[in-house]
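Keep the sequence and the 3D view side by side.

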Amino acid sequence: MTSTPQSCVLGTGRYLPSQVVTNSDLTNLMETSDEFIVQRTGVRHRRWAPPEMAASDLAALACRDAVADAGLSMDQIDMLIMNTITPDHADPGCAFFLQAKLGLAGTPVLDIKQQCAGLIYGLSLADHFIRAGTCRHVLAACSEKLSTRIDGSYEGRNIAILLGDGAGAAVVGPSPDGRRGILSTILHADGRHAKALYTAAPGSALGRREHLTPDDLQSGRVHFRMDGKAVFTNGVDKMSEAIFECLDANGLTLDDIDVLVPHQANLRMLEAIEQRVGISRKKVYVNVEEYGNIASASLPIALDESRHTGMVQPGNLVLLVAFGSGFVWGSALLRA
Ligand SMILES: CC(C)(COP(=O)(O)OP(=O)(O)OC[C@H]1O[C@@H](n2cnc3c(N)ncnc32)[C@H](O)[C@@H]1OP(=O)(O)O)[C@@H](O)C(=O)NCCC(=O)NCCS
């Protein structure tokens, strides 16, 4: 009889570009102010990558860091999962460009597009592939170069102020001692709200034959458009619900959780979630003031920092929670 292997996060890694962009730097690009940004979002700085670095370059550095942290070599990776909303090119998927840079030719790759919940979905897929015995070591990477998506127009500035660049990665493999583990992953989505935060063009739903037109650029259809209030309210609701759902599913209470690592959407959202669920800031990992919102990369970067700054200790119960455009949300419970 074969037993199902328990999977765990064996290693994590991150890469943040060195250029720091302040709120006052943004005032050169759009009509905004440090006061508005700090008061509404808590963000003070973000990092921007240089033009010559693509999402796959940021991801490759985070992946190498994660594989080394796991004590593995790249040739021990059996599958690569990549999540980004800022791919290297329109097609094929960004995972192919990342795979080539990591020297993983022949290894299966999977592009997923789960926005800010990319790590939660990536961990869930990795856990299932490992427990099914299909793979031994899965590398999940989340990378974003959101500085290429800054639109300082009146319609674009509400989201532009949040965005930063960076990458994070996690290696999932069999638990060495059966104690460390991915205890649960819970996934949700609700496409009825897909247009609350989306980019209309290019796309096949524009009622025409052309892929892209000059009017797409002029009208701003190529830029993110966000209903900020809908995203804020749903983000707080869904991340709070996901925390309680994870606790219920695992027969735990909030007191059992040592560290909560949430998607770093916006400091005000994190404060609202803390209040809603009744968790102390001391247990919540927060870096959004320093890095802004890096979409899918925020969560693995925060997880890696929380592990390497000593906030997460071996044996701790760590709850990851995320929400993103789609809407998409979910949780992952880890024993560190
Ligand atoms: C972005 C956010 C701070 C904007 O706050 P908001 O109150 O919803 O903003 P609105 O878009 O309704 O605009 C309110 C006012 O602020 C203004 N405003 C919006 N962005 C601004 C900016 N960057 N600088 C200055 N003023 C701005 C608007 O023009 C509007 O002014 P008006 O009433 O005179 O037209 C807020 O919606 C938010 O944090 N939402 C969640 C965003 C998020 O986390 N997204 C990522 C999801 S993973």
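The side chains of Asp 237 and Arg 276 meet in a salt bridge, 3.0 Å from N to O. A salt bridge here is a side-chain nitrogen of Lys or Arg within 4 Å of a carboxyl oxygen of Asp or Glu. Asp 237 sits in helix α8 (residues 228-249) and Arg 276 in helix α9 (residues 267-277), so the pair ties together parts 39 residues apart in sequence. Helices (H or I, at least four residues) and strands (E, at least two) are DSSP runs, numbered from the N terminus.

The model is predicted: local features need pLDDT of at least 70, side-chain atom pairs count only at pLDDT 80 or more, and totals for chains, interfaces and linings use all residues. Residues are numbered from 1 along each chain as its sequence is written, and side-chain values use heavy atoms, with hydrogens and water left out.

How open are these two side chains? Asp 237 is partly exposed, at 25% relative accessible area. Arg 276 is partly exposed too, at 46%. Buried means under 20% relative accessible area, exposed over 50%, and partly exposed in between (1.4 Å probe, protein chains only).

Now find Glu 305 and Arg 14. Their closest N and O atoms are 3.7 Å apart, in a salt bridge. Glu 305 belongs to helix α11 (residues 298-308) and Arg 14 to strand β1 (residues 7-15), 291 residues apart. Glu 305 is buried, at 6%. Arg 14 is partly exposed, at 31%.

Next comes a network. Salt bridges link Arg 208, Asp 215, Asp 216 and Arg 221. Within it, Arg 221 and Asp 216 meet at 2.8 Å, N to O. Asp 216 is buried, at 0%. Arg 221 is partly exposed, at 27%. The salt bridges number 15 by this rule.
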